[in-house]
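This report describes a protein–DNA model, taking the DNA surfaces first, then the contact between the chains, and then features within single chains.

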2 protein chains.
Amino acid sequence: MTFDLKDCGTCPIRHRAVCARCESDELEILESIKFYRSFEAGQPVIWSGDSMDFVASVVTGVASLSQAMEDGRTQMVGLLLPSDFLGRPGREFAPYDVVAVSNLTLCCFRRKPFEKMMLNTPHIAQRLLEMTLDELDAAREWMLILGRKTAREKIASLLTILARREASLALQTAQSGTSFELPLTREAMADYLGLTLETVSRQVSALKREGIVQLEGKRKIIIPDFDLLVAETGDDADGGVMV
Amino acid sequence: MTFDLKDCGTCPIRHRAVCARCESDELEILESIKFYRSFEAGQPVIWSGDSMDFVASVVTGVASLSQAMEDGRTQMVGLLLPSDFLGRPGREFAPYDVVAVSNLTLCCFRRKPFEKMMLNTPHIAQRLLEMTLDELDAAREWMLILGRKTAREKIASLLTILARREASLALQTAQSGTSFELPLTREAMADYLGLTLETVSRQVSALKREGIVQLEGKRKIIIPDFDLLVAETGDDADGGVMV
DNA sequence: CTGCTTTCTTGATCTGGGTCAAAGCGCAGA
DNA sequence: TCTGCGCTTTGACCCAGATCAAGAAAGCAG
């Protein structure tokens, strides 16, 4: 795959440096239909059912996809970190609520021309297929978490996932001693994990008490021994979906 | 999309009748790399981690994808009904256990030539992208079920999903008075829903006792009033993921 | 510094669904 | 016809996590 949405489509700074095909027509088209949008933490990006005339990828910050039941119960069904893709070519209405969890910048492409371009440039459909398959794998890992794990295992799994993603953004693998800023409130963590915020708070406190994680303030997580944390997830040691 | 895997790739009986492009090269290639495999109910199709040299689509029967934790807890993460696609181009090892839930026939394509063909025929990647996006939506609906619904709502949701899929295979929409054969054991339903089989049994009995469903034997489900069942799912009336 | 709000923690109590145990049911094979 | 086995149902009991209810901590505006 020589054409990479992550490098070429998302970020005009990166793609010039990285991608051999950058001077191609596709890129020119992408550039011409591209615009940026920013959101403050907590702001809605789009509501379920709204018409959505763009697709986008996350440049900085974190967004969540969630589904709500009419009695107010909500379940987060997707967590978008930088380089993740938002939206579905060929679909007019948003199927989920999208909310900026932290301050957020999106790189948007107008949907119609994006779709048209997809028809002519197979690389993009193929790249998008790959990304979607990865997302499907992540969703399925998440289903195991929701369906079968205990509250403690859920918290450990979430922290592991976030630590791994955080590390991979820096082109590293998660290691002992790493620390990262939790981009989620306790309530958002609860929505992610199918728990209540009280249970989240209790389990985080328990992991802290037992020295499996350290906290600096409410949001900064330090992982003194990564294997110790992974042991709490209930997964086998190699962990995560295999690729 | 003139080229449709569901009609053209899966089933040599249907595609001749349905698809205008049937005499094309792609079809010839597909035919040349195609073979069928059958499995009895309960048989494994492939284990997580095994090398998988084909992709396939389901012709008849039901297959499940599941993930197991090493202590034996398992969570079903995908349910494949006729016309669903199995496997991932570009990936050598199976990430999940695939099991034939009922008697099962797969229409398989050797993976390498299938991948090669995908590079030349954008229709296939695009069609596959659509199917994958639908699967992702289904997975996300499932996450809401797993994370936030009560046992009773979970059962009602599963029955609703199965009734809808059953109906759509017959090119209809689910209606009051429909009946269908449950393709899943109580244990498989439990694995699907993140419950124990005892709880599944109790909740099915409760729905029966209250006249929301009727049972003929253990497996034949009759839905006297579809809206009554949908009301038990906790979803809003129009139901399901919107398209 | 003070008061207000939002977020988080902790405690007490309750309950839905898990766990363990024992039958029922239906069918294939002898 | 009987027997055995896999699937399902039902009962009794228990516990992880939900719910309800205070507070504590951290920001932030004035």
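Helices are DSSP runs of at least four residues, numbered from the N terminus. The model is predicted.

**DNA strand C**

The surface near DNA strand C takes its largest share, five residues, from helix 8 of chain A. Helix 8 of chain A and helix 8 of chain B each supply at least two residues of this surface. Around DNA strand C there are 17 residues, and A:R186, A:S201, B:A151, B:T199 and B:R202 come nearest. Of the atoms of DNA strand C that come within 4 Å of the protein, 63% belong to sugar and phosphate. By class, three residues of the surface near DNA strand C are nonpolar, seven are polar and seven are charged.

**DNA strand D**

DNA strand D is surrounded by 17 residues, the closest being A:A151, A:T199, B:R186, B:S201 and B:S205. Sugar or phosphate makes up 63% of the atoms of DNA strand D within 4 Å of the protein, and the rest belong to bases. Which element gives the most to the surface near DNA strand D? Helix 8 of chain B does, with five residues. The surface near DNA strand D holds three nonpolar, seven polar and seven charged residues.

| Residue | Protein atom | DNA strand | Distance to phosphate oxygen |
|---|---|---|---|
| A:R186 | side-chain N or O | C | 2.8 Å |
| A:R219 | side-chain N or O | C | 3.1 Å |
| B:A151 | backbone N or O | C | 2.8 Å |
| A:T199 | side-chain N or O | D | 2.4 Å |
| B:S201 | polar side-chain atom | D | 2.7 Å |
| B:R219 | polar side-chain atom | D | 3.2 Å |

For DNA strand D, the elements that give two or more residues to the nearby surface are helix 8 (197–209) of chain A and helix 8 (197–209) of chain B.

The size of an interface is often given as the accessible area lost when the parts come together. Chain B and chain A bury about 4,700 Å² between them, with 58% of it on carbon and sulfur atoms. On the side of chain B, the residues that lose the most area to chain A are B:R140, B:M143 and B:R148, which together account for 17% of what that side buries. In terms of contacts, 53 residues of chain B meet 52 residues of chain A.

Side chains of opposite charge can pair when their charged atoms come close. Between chain B and chain A the count is 12 salt bridges. One of the salt bridges joins B:R88 to A:D134, with the closest N and O atoms 3.1 Å apart.

Several elements of chain B each supply at least two residues of the side that touches chain A: strand 4 (63–68), strand 5 (74–80), helix 4 (111–120), helix 5 (122–148) and helix 7 (186–193). Helix 5 of chain B provides the largest share of that side, 21 residues. The residues of chain B on this side divide into 24 nonpolar, 13 polar and 16 charged.

**A sheet in chain B**

Strands of a sheet pair through backbone hydrogen bonds, either parallel or antiparallel. Chain B has an open sheet of four strands in the order 1-8-3-6, with antiparallel pairing. Strand 1 (34–39) and strand 6 (85–86) of chain B are at the edges and have a single partner strand each, so one side of each lacks a neighbour in the sheet. Strand 3 (residues 54–60) and strand 8 (residues 104–110) of chain B pair in the antiparallel sense over six bridges. Here B:S57 stands opposite B:C107 of strand 8 of chain B.

**Salt bridges over all chains**

How many salt bridges does the structure hold over all chains? The count is 26. Among them is the salt bridge of A:R165 with A:D84, whose closest N and O atoms are 3.1 Å apart. This pair links distant parts of the chain, 81 residues apart: A:R165 is in helix 6 (residues 151–169) of chain A, and A:D84 is in the loop between strand 5 (74–80) and strand 6 (85–86) of chain A.

Technical notes: Residues are numbered from 1 along each chain as its sequence is written. Chains are lettered from A and ligands numbered from 1 in the order in which they are written. This is a predicted model: local features need pLDDT of at least 70, side-chain atom pairs count only at pLDDT 80 or more; totals for chains, interfaces and linings use all residues. Side-chain values use heavy atoms; hydrogens and water are left out. A residue is near a molecule or strand if one of its heavy atoms lies within 4 Å of it. A polar contact is a pair of N or O atoms within 3.5 Å; within protein, one must be able to donate a hydrogen and the other to accept it, and residues adjacent in sequence count only if both atoms are side-chain atoms. Ala, Val, Leu, Ile, Met, Phe, Trp, Tyr, Cys and Pro count as nonpolar, Asp, Glu, Lys and Arg as charged, and the others, Gly among them, as polar. Contact means heavy atoms within 4.5 Å. Buried area is the accessible area (1.4 Å probe) that two parts lose on being put together, summed over both. A salt bridge is a side-chain nitrogen of Lys or Arg within 4 Å of a carboxyl oxygen of Asp or Glu. Two strands pair if DSSP finds at least two bridges between them.
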